[in-house]
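Shall we take a look?

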Amino acid sequence: VVQAWLLASMLDAAIVRQAPRQELLGSILGIAGLMLLRACITWAGERAGADAAERIKRHVRQSLFRRLVRKGPYWSRGQASGELASAVVDQVEALDGFFAKYLPAMAAAALLPVAFSVVLLPMDVIAGLVLLITAPLIPLFMALVGWGAQGASRRHLRAFARLSGFFADRLRGLSTLKLYGRAEAEAASVVAASDALRQRTLSVLRIAFLSSAVLEFFAALGVAGVAVYIGLTYLGFLDLRWSPLTLQAGLFCLLMAPEVYAPLRQFAAHYHDRAAALAAVSQIAVLFDGLPEEGDASAKRAADGRAP
């Protein structure tokens, strides 16, 4: 907000008041400093999210491994080893985007668009209301798309787990298959399973592109609405204000309009991480007869403390 206000003030001073360059130097340095500060804050947020996701994944993997050991070899022999390995490695890895990117993006998308729109209301009520009305439509339509994305991600992960178990079992029994002349037939089966996984992956990508298209449509509609309103006001075709619209106020509204939708764009970019994480959690719960709990780690630490 401060960066947009400084830029609008500087342009207003340079264009309307014809201020000399020396007078604009302070604003230029302030804008450059704010850009650097914003980049540092973004980097720190991404680093914190990545560290948190790594800790959570390590805890989940340790809990699943302890549960695997506790169930014993008799239980594990009755399961497909490839599916168990895929759950501990690949499906736990699918939680990374949820904790590292989706949750921070969801918090930003819930707070920043409304806050930015409210900031614009004192400058121009019409521009603030346009952004305040159009911004909530994006999460609504993305939720409708997300229902299909979650189902597609669950089918994709289930197919991936089956392919992992299928390939691992065939690889383990390769000598037996060659002995009975079934190597080529099983190789064809692996190719067919891989093609089915490819189709599942493409269906997930189609839904992801659809959610991005929904976001871009409403974002473009909101920014264009503000731009058209301000342009028509400057040209004199609209007169909905009690006072004339200054260049500084108009530029500030135009600069803030994309920022209102920037958190929603980040939210849409990482929305598929939620669907992938929910699908992975469902698959883990099916394979391990439930999800790991916080008590698993505390019980393990207590047992280690009682050990001689």
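Is Cys40 buried, partly exposed or exposed? With a relative accessible area of 43%, Cys40 is partly exposed, because buried means under 20% relative accessible area, exposed over 50% and partly exposed in between, with a 1.4 Å probe and protein chains only. Cys253, by contrast, counts as buried at 1% relative accessibility. A search of the whole structure turns up 0 disulfides, a disulfide being a pair of cysteine sulfur atoms within 2.5 Å.

Before going further, a word on the ground rules. This is a predicted model, in which local features need pLDDT of at least 70 and side-chain atom pairs count only at pLDDT 80 or more, while totals for chains, interfaces and linings use all residues. Residues are numbered from 1 along each chain as its sequence is written, and side-chain values use heavy atoms, with hydrogens and water left out.

## The chain as a whole

The protein chain has 11 helices and 0 strands; helices (H or I, at least four residues) and strands (E, at least two) are DSSP runs, numbered from the N terminus. Read along the sequence, the pattern is α-α-α-α-α-α-α-α-α-α-α. Of the 308 residues in the protein chain, 34% are buried. Contact means heavy atoms within 4.5 Å. Among contacts in the protein chain between residues at least 6 apart in sequence, 83% join residues at least 24 apart.

Two packed helices are described by the angle between their axes and the distance between the axes. Here the axes are lines fitted to C-alpha atoms, for helices over the stretch in contact, and angles run from 0 to 180 degrees between N-to-C directions.

| Helix pair | Angle | Axis distance |
|---|---|---|
| H4 and H10 (residues 271-287) | about 150° | 8 Å |
| H4 and H9 (residues 247-269) | roughly 160° | within 7 Å |
| H2 and H4 | about 155° | 8 Å |

H4 passes H9 in a left-handed crossing. On the H4 side, the residues in this contact include Tyr102, Ala105, Met106, Leu112 and Phe116, and on the H9 side they include Phe252, Cys253, Met256, Val260 and Phe267. By class, the contact of H4 with H9 has 17 nonpolar, 2 polar and 1 charged residues, where Ala, Val, Leu, Ile, Met, Phe, Trp, Tyr, Cys and Pro count as nonpolar, Asp, Glu, Lys and Arg as charged, and the others, Gly among them, as polar.

The crossing of H4 and H10 is left-handed. Gly97, Phe98, Lys101 and Tyr102 of H4 make the contact with Tyr271, Asp273, Arg274 and Ala277 of H10. These residues of H4 and H10 divide into 4 nonpolar, 1 polar and 3 charged.

H2 passes H4 in a right-handed crossing. From H2 come Gly49, Ala50, Ala53, Glu54, Ile56 and Lys57, which meet Asp96, Phe99 and Ala100 in H4. The contact of H2 with H4 holds 5 nonpolar, 1 polar and 3 charged residues.

Where does His270 sit? His270 is in the loop between H9 and H10, and this residue is buried, with a relative accessible area of 16%. Leaving aside neighbours within four places in sequence, His270 is in contact with Lys101, Tyr102 and Ala105.

Ala87 lies in helix H3 (residues 81-93) and counts as buried at 0% relative accessibility. Not counting residues up to four places away in sequence, Ala87 touches Val92, Ile284, Leu287 and Phe288. Ala87 and Ser164 are 77 residues apart in sequence and 9.9 Å apart in space, C-alpha to C-alpha.

Finally, Gln18 is found in the loop between helix H1 (2-15) and helix H2 (21-77). Gln18 is exposed, with a relative accessible area of 58%, and has a positive phi of about 55° although it is not a glycine.

Terms used. A crossing is left-handed if the near helix is turned anticlockwise from the far one by less than a right angle, and right-handed if clockwise.
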